[in-house]
Amino acid sequence: MLKTYKSSCKQNITRVSLDQYVPKVELKEYLKIKDAIYEVDSKAENGMTFSRLLNYKYSDTLKKMDPDHLVALVTEVIPNYSCLVFCPTKKNCENVAEMMCKILSKEYLKHKEKEKHEVIKNLKNISSGNLCPVLKHTIPFGVAYHHSGLTSDERKLLEEAYSTGVLCLFTCTSTLAAGVNLPARRVILRAPYVAKEFLKRNQYKQMIGRAGRAGIDSAGESILILQEKDKQQVLELISRPLENCYSQLVQEFTKGIQTLFLSLIGLKIATNLGDLYHFMSGTFFGVQQKILLKERSLWEITVESLRYLTEKGLLQKDTILTEKGLLQKDTIHGSEEEFQYSFHITKLGRASFKGAIDLAYCDSLYRDLKKGLEGLVLESLLHLVYLTTPYDMASQCNPDWMIYFRQFSQLSPAEQNVAVLVGVSENFIGKKASGQAIRKKVDKNIVNRLYLSFVLYTLLKETNIWSVSEKFNMPRGYIQNLLSGAAAFSSCVLHFCEELEEFWVYRALLVELTKKLTYCVKTELIPLMEVTGVLEGRARQLYNAGYKSLMHLANANPEVLIKTIDHLSRRQAKQIVSSAKLLLHEKAEALQEEVEELLRLPSDFPGIVAFSVEKA
């Protein structure tokens, strides 16, 4: 009783403390139609009340440039407070940022001028001297765009600059609302759309929720800009309740239920029909099943998923013991007896499970690897890169056929043979580039996947995202996502091959390729980048200074490193040396274990059994 009372008091004290030091911040919601701003008011007859008219002098030229009066809205808060402008598309983010900087007063250039120059300098440093022309123009004004077209390093640097107040305005896409914690005094929604889709209530709340964060700001407001034609839909949007939350387990069976079943059976958590059905009954989907799939019962869904996995060769059915005796079932009908029907994972199933391969593509991967064994091209990495290019990214790709043909033409005969082996001929690419009709059908996914493998292969050779981005006319952020996706998938394919003896030839090749895709630098820098705290720039510095291997770093003097390498602190130098020593020690131990294993007498050696019997 005393413990309960103390616990209750402690919780009350905590609540009082939080309320005292982190007061609630009121979020005011506004709608803007033409020059008028209305406050969202649930008590009003039509859901909004007139607030004010915008007071900003626009010339006819400026009206054409900024018809939505964005500059008028943002200059009410920046540069002393921060502002987010959500735009429907990535291109719109960049255009809006540039447009506003053309109109903004030159006075904005003076605000934290030195810090903004430092941001530009740092952006160049992380991008090998490259800088986006849009950011070059907008950052001096304290403005930047934020979307998936940026690399992760660029995003991180810009987010830090925004958080510290160096940048005061972001034009961004809806993805910023869901993931990154970047609060603002004012949030402006450029339009009630995400791409071409009208806003959902939960998307709207996520976006405006960036304004006026507790403990960070004292006030917050959102302004949704709309046209007269969207007025009725917007009024419904701001008044309706949030959309219901539904289980996604059923949306994509291969990534949901079937992957779950394969994992459960692979880990031996549930191996029979009854246990799997019981497990499904306890999931969020099991609770919502009658709402999501009225035409099928949970039992039927469980049975269908198991049948699919069995037919794909990922699971194997076992005999079962029922009241009537031992039975071998060929089909699953769902009777009470069959609750004890059991399954075990096959070699292909285990390989897919261990490699975390999407079940929609596991048979395609197996087929591609099998076909690759018939004529694996080892003159270059292109064939291996194709095999490790993510299947799911191919479906989202739209090749530029002129670039495709140009890149194909620059390949060596051996590399062009890779394209022929996978089923894409030069004739096909040439006809597509010239806009000619093609009678012979070619698998679109293979064509797209080969195109992406060209991007990756070029990136591995050039190791510069900016030049590859320009060469293929693709956003650098997309190329970086492709690279990280390929590195992850390469690791998955490696684990897949480790479980299947027939693919042993790929293992060593995939280990090296995974490293190349992970680091995407010149081969000689990879050993240095295995050391904690050493990224590409630092690795290049060390290599140029003569530290070309792990042994060199492990035996380095931190004091000498400080004098030799620019911008290297004593703490960083000591960390690099100690990390290299530890890594070298681990590799030596691994080699020692391998030597001992090779020298150890096999337990099944013919003479051992006879000797032990005689001794007994």
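Let's start at His69, in the loop between helix 2 (60–65) and helix 3. Helices here are DSSP runs of H or I with at least four residues, strands are runs of E with at least two, and both are numbered from the N terminus. His69 has a positive phi of about 60 degrees, although it is not a glycine. Is His69 buried or exposed? At 12% relative accessibility, His69 counts as buried. Buried means under 20% relative accessible area, exposed means over 50%, and partly exposed lies in between, with a 1.4 Å probe and protein chains only.

A word on the source. This is a predicted model, where local features need pLDDT of at least 70, side-chain atom pairs count only at pLDDT 80 or more, and totals for chains, interfaces and linings use all residues. Residues are numbered from 1 along each chain as its sequence is written, and side-chain values use heavy atoms, with hydrogens and water left out.

Back to the backbone. Ala195 also has a positive phi, about 60 degrees, and is not a glycine. Ala195 sits in the loop between strand 8 (193–194) and strand 9 (197–198). Ala195 is partly exposed, with a relative accessible area of 44%.

Next, a cis peptide bond. It joins Ile78 and Pro79, with omega at about 5 degrees. Pro79 is in the loop between helix 3 (70–74) and strand 4 (83–86). Why point these out? Because most residues other than glycine have a negative phi, and most peptide bonds are trans.

Now salt bridges. How many salt bridges does the structure hold? It holds 18. The criterion is a side-chain nitrogen of Lys or Arg within 4 Å of a carboxyl oxygen of Asp or Glu.

Take Arg476 and Glu154. Their side chains meet in a salt bridge at 2.9 Å, N to O. This pair links distant parts of the chain: Arg476 is in helix 24 (residues 476–498), Glu154 is in helix 7 (residues 152–163), and they are 322 residues apart. Arg476 is buried, and Glu154 is buried too.

Next pair: Asp363 and Lys312. The N to O distance in this salt bridge is 3.5 Å. Asp363 is partly exposed, at a relative accessible area of 31%.

Then Glu499 with Lys354. The closest N and O atoms of this salt bridge are 3.6 Å apart. Glu499 is in the loop between helix 24 and helix 25 (504–519), Lys354 is in helix 15 (residues 347–354), and the pair links distant parts of the chain, 145 residues apart. Glu499 counts as partly exposed at 28% relative accessibility. Lys354 counts as partly exposed at 43%.

Salt bridges link Arg52, Glu76, Arg186 and Glu221.

On to cysteines. How many disulfides does a search of the whole structure find? It finds 0. A disulfide would be a pair of cysteine sulfur atoms within 2.5 Å. Cys362 counts as buried, at 1% relative accessibility. Cys397 is buried as well, with a relative accessible area of 3%.

Now the surface patches. Patches are made of residues with over 30% relative accessible area and no salt bridge; like charges are joined within 9 Å, and nonpolar side chains (Val, Leu, Ile, Met, Phe, Trp, Tyr) within 5 Å.

Which residues form the nonpolar patch with about 290 Å² of accessible area together? Leu267, Ile269 and Phe279. Areas come from the Shrake-Rupley method with a 1.4 Å probe; for residues, only the protein chains shown count as cover. Leu267 lies in the loop between helix 11 (257–266) and helix 12 (273–281). Leu267 is exposed, at 54% relative accessible area.

The negative patch is formed by Glu586, Glu589, Glu593 and Glu596. For charges, Lys and Arg count as positive and Asp and Glu as negative; His and the chain ends are not counted. The place of a charge is taken as NZ of Lys, CZ of Arg, CG of Asp or CD of Glu. Glu593 lies in helix 30 (residues 570–599). Glu593 is exposed, with a relative accessible area of 55%.

Last stop, also in helix 30: Gln575. Gln575 counts as partly exposed, at 33% relative accessibility. Gln575 and Pro558 are 17 residues apart along the chain, and their C-alpha atoms are separated by 8.9 Å.
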